[in-house]
Amino acid sequence: MEFVAALLANTVAYGLVLFLVCAGLTIAFSFMGTLSFAHGAFYALGAYIGFSVAAAFNAYGFWLALLVSPIVVGVLGSVIEVSVLRAVRPRGHMAELLATFGVGVVIIEAIPFIWGRSALPSYAPQVLEQSIEFGGWRISALRAATCGAAVLALLVFAWIVTRTRAGLVLRAAQDQPLMVECAGINLPRWQAVAFGVSAALAAFGGVLGGNLMVIEPSMAAGVTMLGFIVIVTGGLGSLRGAFIASMLVALVSTFAAVLPGALLGAPLSRWAPAAPLLLMIGVLLVRGEHVVKGRL
């Protein structure tokens, strides 16, 4: 039973971290129509900045990293929107896609230059290295804290979207961007804020996910691929769909890696990396016409 509890804890923690990144991708697509290839890089950058903050402040470093890293990456995201995306937006969505790809490559190449190519150790505090008992099951304190922090961040985000003026502008701009501008609202400024928030969510996920897995330069590539699998599987622009798809991807990835048996002569564990892709293909075959939604 403890093994099952550990698998479920891994699945939920992994799924929530993935959803943080995908929530950022969903914001960028819903509000600006931008499919961003840079959010995997924001995720990795968040983990690395968190490492530097934790190393500087020792005992309280991890908790400060959860605050500082998203702020730094969020500001960087806003700067990128103003300086890069705004310049290429008149040329269409393909230009935006290529621009975010270029930004992601620059960030990924800058990471080894600053922090080196070797994997970095976890910087979670020792209190989170223990196990806790929950309902008769023992699970990792780090995974429990990751789930709690991710849920808290997502609740705050949901409150902003549904209960604040910023959320009202965000939702109104999805349907009537011209009317929003006619109301005297500076839409380009809000677009910079939205892209910054989307980058900050990815960075928050990087601080959490980096301590669950490995902090190394190639971590961005895997998250970028999984992020696009999630938003395509869940429906472009749908937060609810992205959440469900994140959990499904985490479930099939985790359990495919440990289940016994074989498929086409190969152990199931070898199929684990392909499991999310197979899930996406299956969803597209069944309900491909419902994928493009463009709404939060």
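This is a predicted model: local features need pLDDT of at least 70, side-chain atom pairs count only at pLDDT 80 or more; totals for chains, interfaces and linings use all residues.

Trainee: Why does S36 count as buried?

Mentor: Buried means under 20% relative accessible area, and S36 has 1%, so S36 counts as buried.

Trainee: What makes the link between the side chains of S36 and H39 a polar contact?

Mentor: Such a contact needs a pair of N or O atoms within 3.5 Å, one able to donate a hydrogen and the other to accept it, and the side chains of S36 and H39 are joined at 2.8 Å. The side chain of S36 also reaches the backbone nitrogen of A38, at 3.1 Å. Beyond its neighbours within four places in sequence, S36 is in contact with L25, T100, F195 and F228.

Trainee: Why is the pair formed by the rings of F37 and F228 called tilted?

Mentor: Planes under 30 degrees apart count as stacked and those over 60 as edge-to-face, with the rest being tilted; the planes of F37 and F228 stand at 35°, so the pair is tilted. The centres of these two rings are 4.9 Å apart, and the rings pair because the limit is 6.5 Å. F37 belongs to the loop between α1 and α2, whereas F228 sits in helix α9 (residues 219-234), so that the pair links parts of the chain 191 residues apart.

Trainee: What makes the aromatic pair of F62 and W63 edge-to-face?

Mentor: An angle over 60 degrees is required, and F62 and W63 have 80° between the planes, with 5.0 Å from centre to centre. F62 is buried because its relative accessibility is 3%, while W63, at 42%, counts as partly exposed. Ring pairs also link F51, F62, W63 and Y123 into a cluster.

Trainee: Which residues touch the most other members of the largest nonpolar core?

Mentor: They are L20, F42, F62 and L208, in a core of 83 residues. The largest share of this core, 15 residues, comes from α1.

Definitions and conventions
Residues are numbered from 1 along each chain as its sequence is written. Side-chain values use heavy atoms; hydrogens and water are left out. Buried means under 20% relative accessible area, exposed over 50%, partly exposed in between (1.4 Å probe, protein chains only). Contact means heavy atoms within 4.5 Å. A nonpolar core is a set of buried Ala, Val, Leu, Ile, Met, Phe, Trp, Tyr and Cys residues joined through side-chain atoms within 4.5 Å. Helices (H or I, at least four residues) and strands (E, at least two) are DSSP runs, numbered from the N terminus. Rings of Phe, Tyr and Trp (its six-membered ring) pair if their centres lie within 6.5 Å; planes under 30 degrees apart count as stacked, over 60 as edge-to-face and the rest as tilted.
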